[in-house]
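Subject: Model handover and notes

Hi,

Here is the model I said I would pass on. Please open it alongside this message. My notes come after it.

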Amino acid sequence: MSSPFLTAVNISHTFQDLPVLANISLEIPSGGFVALVGPSGIGKSTLLRILAGLLRPSSGEIHMTDDSRQEPIGLVFQRDNLMPWRTVAENVRLPLELMRVNGRKADGRVQKMINLVGLAGFENSYPAQLSGGMAQRVALARALVHEPLFLLLDEPFGALDALTRERMGLELLRIWEAMPVTVFMVTHSISEAVFLADEVLVMGGSPGTGRPATITHRIVTGLPRPRDLAIERTAVFQDCVTAVRAAIESSV
Ligand SMILES: Nc1ncnc2c1ncn2[C@@H]1O[C@H](COP(=O)(O)OP(=O)(O)OP(=O)(O)O)[C@@H](O)[C@H]1O
Ligand SMILES: [Mg+2]
C-alpha cells in the first residue's frame with residue numbers, strides 16, 4: 001500500500017464561539033477520489049478549506065506526503081468565479097501567470113486544458129458569452145492548468161441542471177483518469193458522490209444542536225472503473241446510494 005496523500009488527525013474548528021468541527025480524522029489515498037456529503041451548513045466547506053490549507057484549524061494536524069506538501073493545489077467553487085474581463089484562455093492562464101510560467105510553455109498548457117474540457121473554439125470568448133456548464137468547465141481547466149497534485153471541488157456542479165451535471169461528472173472522471181491528481185469533492189448529491197468517488201464520507205452533527213460536526217461514516221463503494229452512466233442502473237450502485245442515504249439519515 002502506498003502512503004496516503006493526505007492524513008487529517010483530530011481536526012477541530014471553532015469560529016468565534018461556534019464549534020463547527022470536532023475530532024475529524026481522515027485519509028485521502030494518493031490518486032484517490034474522495035467525496036464528502038452532509039446537510040447544508042454543517043461544516044463541509046470549512047473542512048475543505050482546512051484540507052486545502054486555506055484555513056488553519058483550531059486544533060489537529062494535517063500531514064501530507066513530502067512530494068505533495070510544496071505543490072500548488074487546484075480549487076473549484078460552486079460559482080465559477082471567472083474574471084469577466086478576461087477571455088476563456090486568459091482565465092485558464094491565470095494560475096500560470098501567478099507561477100510566472102509564460103510564453104510557449106504556458107500557451108501549450110492552456111490549449112491542452114481547453115481541449116481536455118471540450119472548449120476548443122471558445123478560447124477568445126468572454127464568460128458572459130458562455131453557458132453555466134461551459135463556465136464551470138473553464139473553472140475546471142483553470143484549476144488543473146498548473147498540473148496540481150491535489151484538486152479540491154466544493155459543489156462544483158451545484159448550479160447546473162441535471163443533464164449538464166451528469167455530463168460534467170463524466171468529464172471530470174475522464175480528466176482525473178488522464179492526470180495524476182488526487183481529488184476531494186464536496187457535493188449535495190448522493191448519486192453524484194457514489195458515481196464519482198472511491199469512497200464517500202458522511203458528515204453529521206452531535207445530537208441536539210447538531211454542532212460540532214464530525215465524519216460519522218465512511219462508505220467505500222468498490223464500484224469498478226472506468227464508469228459510465230449505465231452503472232447507475234445496477235443493483236450494486238443502488239445499494240451504495242441506499243447505504244449513504246441511511247448514513248446521512250442516522251447522523252442528523
Ligand atoms: N468565516 C466564518 N466565520 C464564522 N462562521 C463561519 C464562517 N464560515 C462558516 N461559518 C459557519 O460555520 C458553519 C459551517 O459552514 P460551512 O460553510 O462549512 O457549511 P457547509 O456544510 O459547507 O454548508 P453548505 O452545504 O450550505 O455549503 C455555518 O454555521 C457557518 O455559519
Ligand atoms: Mg459549503
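This is a predicted model: local features need pLDDT of at least 70, side-chain atom pairs count only at pLDDT 80 or more; totals for chains, interfaces and linings use all residues.

**Ligand 1**

Start with the shell around ligand 1. Its residues are Phe 15, Leu 18, Val 20, Gly 38, Ser 40, Gly 41, Ile 42, Gly 43, Lys 44, Ser 45 and Thr 46. Two elements, β2 (18–28) and α1 (44–51), each give two or more residues to this shell. The largest share belongs to α1, with three residues. By class, the shell around ligand 1 holds six polar residues, four nonpolar and one charged.

**Strands**

Next, β1, which covers residues 6–15. β1 pairs with β2 in the antiparallel sense, over seven bridges. Within that pairing, His 13 sits opposite Leu 21 of β2. The two strands form a hairpin, with two residues between them. Look at Gln 16 in the turn: its phi is positive, about 45 degrees.

β1 also pairs with β4 (residues 59–64). That pairing is antiparallel too, and five bridges make it up. Leu 6 has Met 64 of β4 as its bridge partner.

One residue in β2 deserves a look. Asn 23 lies in that strand. Asn 23 is not a glycine, yet its phi is positive, at about 50 degrees.

**Helix packing**

Two packed helices are described by the angle between their axes and the distance between the axes.

*α3 and α5.* Helix α3 spans residues 88–98. Its axis and that of α5 come within 7 Å and cross at roughly 30 degrees. The angle is under 35 degrees, so α3 and α5 count as roughly parallel. The crossing is right-handed. On the α3 side, the contact uses Val 88, Asn 91, Val 92, Leu 94 and Pro 95. On the α5 side, it uses Val 138, Ala 141 and Arg 142. Six residues of this contact are nonpolar, one is polar and one is charged.

*α3 and α4.* Helix α4 runs over residues 103–116. The axes of α3 and α4 come within 9 Å and cross at roughly 120 degrees. The two helices are therefore oblique to each other. Here, too, the crossing is right-handed. α3 brings Val 88, Ala 89, Val 92, Arg 93 and Leu 96 to the contact. They meet Ala 106, Arg 109, Val 110, Met 113 and Ile 114 of α4. This contact has eight nonpolar residues, two charged and no polar.

*α5 and α6.* Helix α5 covers residues 132–144, and helix α6 covers residues 162–178. Their axes come within 11 Å and cross at roughly 20 degrees. That makes α5 roughly parallel to α6. α5 passes α6 in a right-handed crossing. From α5, the contact takes Gly 133, Gln 136, Leu 140 and Leu 144. From α6, it takes Thr 164, Met 168, Leu 172 and Ile 175. Five of these residues are nonpolar, three are polar and none is charged.

**A cis peptide**

Last, where is the cis peptide bond? It joins Arg 225 and Pro 226, with omega at about -5 degrees. Pro 226 is in the loop between β9 (213–220) and α8 (235–250).

When you open the model, I would begin with the shell of ligand 1 and its α1 residues. Then turn to the hairpin of β1 and β2, and to Asn 23 with its positive phi.

Best wishes

Notes. Residues are numbered from 1 along each chain as its sequence is written. Chains are lettered from A and ligands numbered from 1 in the order in which they are written. Axes are lines fitted to C-alpha atoms, for helices over the stretch in contact, and angles run from 0 to 180 degrees between N-to-C directions. Helices (H or I, at least four residues) and strands (E, at least two) are DSSP runs, numbered from the N terminus. Angles under 35 degrees count as roughly parallel, over 145 as roughly antiparallel, 65 to 115 as roughly perpendicular and the rest as oblique. A crossing is left-handed if the near helix is turned anticlockwise from the far one by less than a right angle, and right-handed if clockwise. Two residues are in contact if their C-beta atoms, placed from the backbone, lie within 7 Å. Ala, Val, Leu, Ile, Met, Phe, Trp, Tyr, Cys and Pro count as nonpolar, Asp, Glu, Lys and Arg as charged, and the others, Gly among them, as polar. A residue is near a molecule or strand if its C-beta atom, placed from the backbone, lies within 6 Å of it. Two strands pair if DSSP finds at least two bridges between them.
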